[in-house]
Amino acid sequence: MFIGIPVLAGLLVVSGVLSTLVAAFLWNERPKSGTTPLMFVEISLALWAFGQAIVLAGDGLATKTGGYAITLFAMATIGPSLFLFARQYTGHPSGASRELVAGLAVVPAVVLVLGATNVGDLAWVDPTLVQDAAVANLSLSYGPVFWGVVVYTYALLFVGDYLLFGKFVGSRNVYRKRTFFFLAYSVLLTGCHALSTAGLSPVPHYTLAPLANLVFGSLSLLVFVGFRSYEFLPLKPLLELFGSRSKSLAPVARTAMIEEMGGGMLVTDHRNRVVDINPMGRKILGDPEARVVGRQLEDVLPPDIFVDDADVDLLDPEAAGEFPAIWVRTPTGEKRCFDVTVTRLDGDDGAAGRVSLIHDVTERERRKQALEERTEELRRQNEQLDEFASIVSHDLRNPLNVAESAIELARHNEELSVLDRAEGAHDRMEDIIENVLTLARQGQTVDDTEAVELHAIAREAWANVDTEASDLQLVENETVRADRTRLLQVFENLFRNSIEHGTSEDGDDVTVTVGTLRDGFYVEDDGPGIPEDQQSEVLDQGFTTSENGTGFGLAIVETVADAHGWDVTVTDAPTGGARFEFSGIATDESTVQDEALT
């Protein structure tokens with residue numbers, strides 16, 4: 001023997017402690033991950049290690065045979081535990097039913113009693129102490145109970161390994177690596193047990209298996225803490241040994257469907273870690289080569305990629321159901337939309353994880369948005385048609401009647417002076433028709449915009465209006481995206497309105513101010529202002545407080561704002577005059593950024 005007894009006993013104690021730590025970790029995971037059978041495997045290994053440590057380092061025959069009894073019980077327990085774990089892990093329908101567990105527990109219970117009593121030398125025969133240098137070693141012959149435990153354990157281990165092997169060759173990604181780890185673990189324990197039974201172990205008694213567990217016990221702690229620890233497993237060379245046989249054993253149809261499906265599939269465990277993802281899922285995430293498996297879902301899909309903050313609820317480990325039309329910004333800066341269906345995976349002791357099916361519906365949602373915009377445009381045009389019909393039937397009828405009456409009087413009385421009334425009526429009809437045409441043109445949705453400087457367009461509009469002696473003040477400047485011609489019409493109409501209604505009865509001229517807001521601009525004057533009860537009506541078509549007004553000037557202003565997608569509000573200026581605020585306007589810089597995202 002190349003290792004001293006004290007050192008060997010110490011290593012066995014370390015092995016037992018490692019198995020105990022793994023069992024404690026599995027106990028904490030038990031409510032959700034269903035790892036109870038695996039926990040009993042680790043407990044069995046711990047008992048095995050501690051029992052052999054007592055056999056080696058114990059004083060007296062009774063102590064050493066007590067350690068042997070503990071070892072025998074651990075051997076009888078590890079087979080059923082691994083078998084139950086394999087069934088549950090590979091998804092067998094009956095899993096670890098109570099009836100099966102009770103049936104498998106009979107042999108360990110009997111072995112526990114017989115090992116403690118050794119009735120009729122069933123557990124061991126002729127135990128003696130053999131002095132070797134300064135150490136007394138236990139020597140005994142195996143009884144029928146031992147050989148029964150060997151047959152019972154090997155049979156269960158063989159079936160469990162067969163189930164794990166089938167899972168190994170038919171799994172993908174982290175499941176294949178994890179299954180390989182468990183399969184290798186089970187085969188190693190079986191092999192060490194067989195070497196010890198055949199007398200080929202380099203260490204005495206049955207210490208080889210718990211000593212080998214020193215390596216796998218350490219790896220178990222790493223593996224159970226994080227899926228990335230599976231990366232150390234050399235699977236590619238091993239899979240090449242199976243070649244086509246591995247492929248023939250795999251559920252090809254299901255695997256091909258998942259690999260080739262048009263939608264993305266992403267699986268997370270009860271800790272919200274990604275444990276599987278198909279190629280389309282990687283593509284949807286924006287980086288097909290990114291390492292995703294083993295990472296937290298919040299790291300793979302950080303909350304700041306969601307356009308709508310409410311969609312972050314999708315990351316909640318308890319979330320399930322349908323999540324339609326979720327807009328995200330991909331790592332490349334592109335905005336895309338997805339429908340996500342989340343299904344909970346329920347284990348024996350609670351939720352075991354979630355499966356998310358992801359479908360790219362960006363083009364569908366863009367078509368839907370375009371259709372909604374077109375529908376809104378048609379609705380606005382229909383409203384304009386109704387308003388134009390009202391104008392033709394009402395506003396044009398009055399001056400037309402005046403003109404007809406004046407012409408009739410001129411014919412009968414030969415008074416040419418009444419034709420002035422007809423001329424004035426025709427002028428009014430011309431103004432109404434011109435304003436109606438303007439409304440029709442300005443009401444069309446703005447498709448093409450350009451960068452427009454507010455101060456420059458305000459100066460140009462001021463020059464186009466008969467401003468008399470009024471003043472224009474320009475404060476903060478801004479460059480916005482707009483249809484230049486229509487924005488010019490807005491300023492011209494607002495300036496005319498301020499001059500016509502803002503000049504006092506004493507003849508004091510009005511001062512008009514143009515400035516910027518956080519997301520827009522304003523136009524205000526220092527005139528008498530607009531009464532509060534009229535502020536909600538002044539933008540309506542046909543509303544006017546002047547006998548000569550058509551009621552279309554400010555209506556055109558609102559129509560242009562709507563066509564741009566802006567909001568316009570009428571309020572009081574700080575000086576007491578009228579103030580028109582335009583909001584929801586993108587500056588030139590922010591608009592360019594939005595276009596890059598879409």
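Reply: Aspartate 526 counts as partly exposed, because its relative accessibility is 36%. Buried means under 20% relative accessible area, exposed over 50%, and partly exposed in between (1.4 Å probe, protein chains only). The model is predicted: local features need pLDDT of at least 70, side-chain atom pairs count only at pLDDT 80 or more, and totals for chains, interfaces and linings use all residues. Residues are numbered from 1 along each chain as its sequence is written, and side-chain values use heavy atoms, with hydrogens and water left out.

Aspartate 526 sits in the loop between strand 12 (520-525) and helix 19 (553-564). Helices (H or I, at least four residues) and strands (E, at least two) are DSSP runs, numbered from the N terminus.

Together with Asp466, Glu468, Asp471 and Asp509, Asp526 forms a negative surface patch. Patch residues have over 30% relative accessible area and no salt bridge, with like charges joined within 9 Å. Areas are Shrake-Rupley values with a 1.4 Å probe, and only the protein chains shown count as cover. A salt bridge puts a side-chain nitrogen of Lys or Arg within 4 Å of a carboxyl oxygen of Asp or Glu. Asp and Glu count as negative, Lys and Arg as positive; His and chain ends are not counted. The charge is placed at CG of Asp, CD of Glu, NZ of Lys or CZ of Arg.

Another aspartate deserves a look. Aspartate 121 lies in the loop between helix 5 (106-117) and strand 1 (124-132). Its phi is positive, about 50°, although it is not a glycine. Aspartate 121 is partly exposed, at 38% relative accessibility.

Note on methods. Patches are made of residues with over 30% relative accessible area and no salt bridge: like charges are joined within 9 Å, nonpolar side chains (Val, Leu, Ile, Met, Phe, Trp, Tyr) within 5 Å.
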